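Subject: Structure handover

Hi,

Here is the structure I promised to send over. Please have it open while you read the notes below.

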Amino acid sequence: MDVQVNKGCAIKVSCEDDCEDVSKTIATRSAGLRKLADFIPRAGRAYQATRNLDYGIAKHSNVSNLSPYIRHRLITEEEVLAAVLAKHSEKEAFKFVQEVFWRSYWKGSLEHRGMLWSEYQQNLPRNLENLSKDPRRWKMYQHAVAGQTDIEPFNVWVNELLTTGYVHNHARMWFASVWIFTLQLPWELGADFFLRNLLDGDAASNTLAWRWVAGLHTKDKTYLATASNIRKCSGERFADTCDFTLGLKMLATTAQPQQENLSSGALQITPIDWPKPLSCLLQPNAVAAVLLTEDDLSLKLPFQPSALAALSATPRSPIAPTKELVQQFTQAAIEDALLRMAEESSANVADHAMSEESIVLWAIEQKIEQLFHPYAPSGPTQLRLRNLAPKLAAKGIQLIPFMRDYDRMVWPHTNKGFFQMGKQIPSFLSVMELGQDPGADRTLNGF
């Protein structure tokens with residue numbers, strides 16, 4: 001199967017007889033492009049009308065199912081926007097376009113809170129220990145993560161998460177609300193449970209969305225799951241059973257903002273330490289190489305490196321292992337990137353992902369002086385790279401980030417609420433030369 005994405009052009013797909021089933025979550029760029037091509041016809045008004053409906057496991061054709069691919073940038077936000085807006089007008093696709101920028105908003109928002117992720121991670125073992133000292137709540141936690149509560153829809157979502165690595169976005173909000181306000185469990189442990197079990201688990205969108213439900217991201221703004229909303233947006237799955245039998249009568253009827261457990265320093269808005277342009281960083285005649293990470297796997301090399309390697313998949317939690325299903329997807333995505341780079345580049349490409357220690361030995365063997373990597377936003381990979389940098393520096397090797405233009409464009413507008421950033425979406429699209437002609441009237445002023 002050949003798939004091409006070009007700005008302003010439709011995706012062209014030709015499928016041979018051996019084309020793999022696009023319903024499967026296969027961790028390759030080509031599979032992500034096929035899913036994108038399959039979704040494009042539904043990305044307009046059909047998406048707007050049905051995007052909040054959760055039909056259940058293996059019945060999510062009303063949404064894009066692209067999040068695992070965008071999470072690892074097997075396909076990029078700009079590619080997705082270009083493909084959708086080549087088929088639909090901005091007015092028709094504005095809800096889907098908005099959802100793409102929600103992901104960008106979360107990424108930039110966490111980046112503006114430079115200490116939040118690391119402090120949240122440092123606190124997790126203590127959060128778990130404190131909970132274990134309360135027998136009633138500890139038992140509730142154990143039942144919750146096993147999908148054995150008295151709330152049947154919650155158990156269904158847990159089962160889908162553990163089985164497939166995916167839960168519909170609306171169900172994620174219900175899940176978080178039930179976890180926090182009905183089961184009265186710490187948001188921190190719920191966010192951690194999601195992160196290590198979701199194929200698209202992302203430090204920014206996951207952590208800050210849980211904080212938003214808890215009334216911590218936007219001060220005093222909480223999200224309360226209700227029986228009527230769950231029934232309305234769950235198709236016919238729960239239609240034949242009464243609220244009492246389903247356990248929906250147990251749902252909390254109020255949602256008081258949770259107590260903030262992070263320090264003022266972790267919540268402080270901080271300036272982003274922008275990497276310098278690559279042209280200012282490349283040293284003449286230096287042996288330069290590229291290090292890929294799971295955060296960015298569809299890189300167009302900005303220069304011709306002498307060698308290229310990839311960092312192995314990063315553990316997502318300090319208190320429990322990442323789900324094997326998630327590990328396998330991430331590792332396969334990294335392997336796919338290495339295979340593609342070996343085909344597309346004349347660089348000496350490593351044949352497998354490596355640990356930090358192996359990266360240092362590889363860099364020494366390749367006589368590398370500058371090792372460039374795509375900027376890793378706040379999250380597990382960023383912390384790992386911070387630990388790798390001094391190990392390389394001790395061997396005379398610089399570890400240097402460079403940033404995509406898309407992130408450099410959007411993130412400065414993410415230090416307040418989403419809808420403040422949303423006002424800039426028409427300008428973003430214009431800069432990317434997507435959608436309407438730059439001089440035409442814009443149709444997204446409602447953002």
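This is a predicted model: local features need pLDDT of at least 70, side-chain atom pairs count only at pLDDT 80 or more; totals for chains, interfaces and linings use all residues.

Axes here are lines fitted to C-alpha atoms, for helices over the stretch in contact, with angles running from 0 to 180 degrees between N-to-C directions. Helices (H or I, at least four residues) are DSSP runs, numbered from the N terminus. From α8, Phe-154, Trp-157 and Val-158 meet Ala-171, Trp-174, Phe-175, Val-178 and Trp-179 of α9 (contact means heavy atoms within 4.5 Å).

**A second pair, and the cores**

Helix α5 (residues 94-111) packs against helix α11 (residues 203-213) at an angle of about 90°, their axes 8 Å apart, so α5 and α11 are roughly perpendicular to each other. On the α5 side the contact uses Arg-103, Trp-106, Lys-107, Ser-109 and Leu-110, and among its α11 residues are Leu-208 and Trp-212.

The largest nonpolar core holds 118 residues, and Phe-101, Phe-154 and Trp-179 have the most contacts inside it. Such a core is a set of buried Ala, Val, Leu, Ile, Met, Phe, Trp, Tyr and Cys residues joined through side-chain atoms within 4.5 Å, where buried means under 20% relative accessible area (1.4 Å probe, protein chains only). A second, separate core has 19 residues, including Leu-291 and Trp-362.

**One arginine to look at**

Is Arg-51 buried or exposed? Arg-51 is buried, with a relative accessible area of 16%, and lies in the loop between α2 (45-50) and α3 (67-71). Leaving out residues up to four places away in sequence, Arg-51 touches Asn-62, Val-63, Lys-95, Glu-99 and His-168.

**Confidence and conventions**

The chain averages a pLDDT (the predictor's confidence in each residue, from 0 to 100) of 91, and 92% of the residues score at least 70. Over residues 1-23 the pLDDT is below 50, as it is over residues 437-447.

Residues are numbered from 1 along each chain as its sequence is written, and side-chain values use heavy atoms, with hydrogens and water left out. Local features need pLDDT of at least 70 and side-chain atom pairs count only at pLDDT 80 or more, while totals for chains, interfaces and linings use all residues.

Best wishes

Notes
Buried means under 20% relative accessible area, exposed over 50%, partly exposed in between (1.4 Å probe, protein chains only). Helices (H or I, at least four residues) and strands (E, at least two) are DSSP runs, numbered from the N terminus. Angles under 35 degrees count as roughly parallel, over 145 as roughly antiparallel, 65 to 115 as roughly perpendicular and the rest as oblique.
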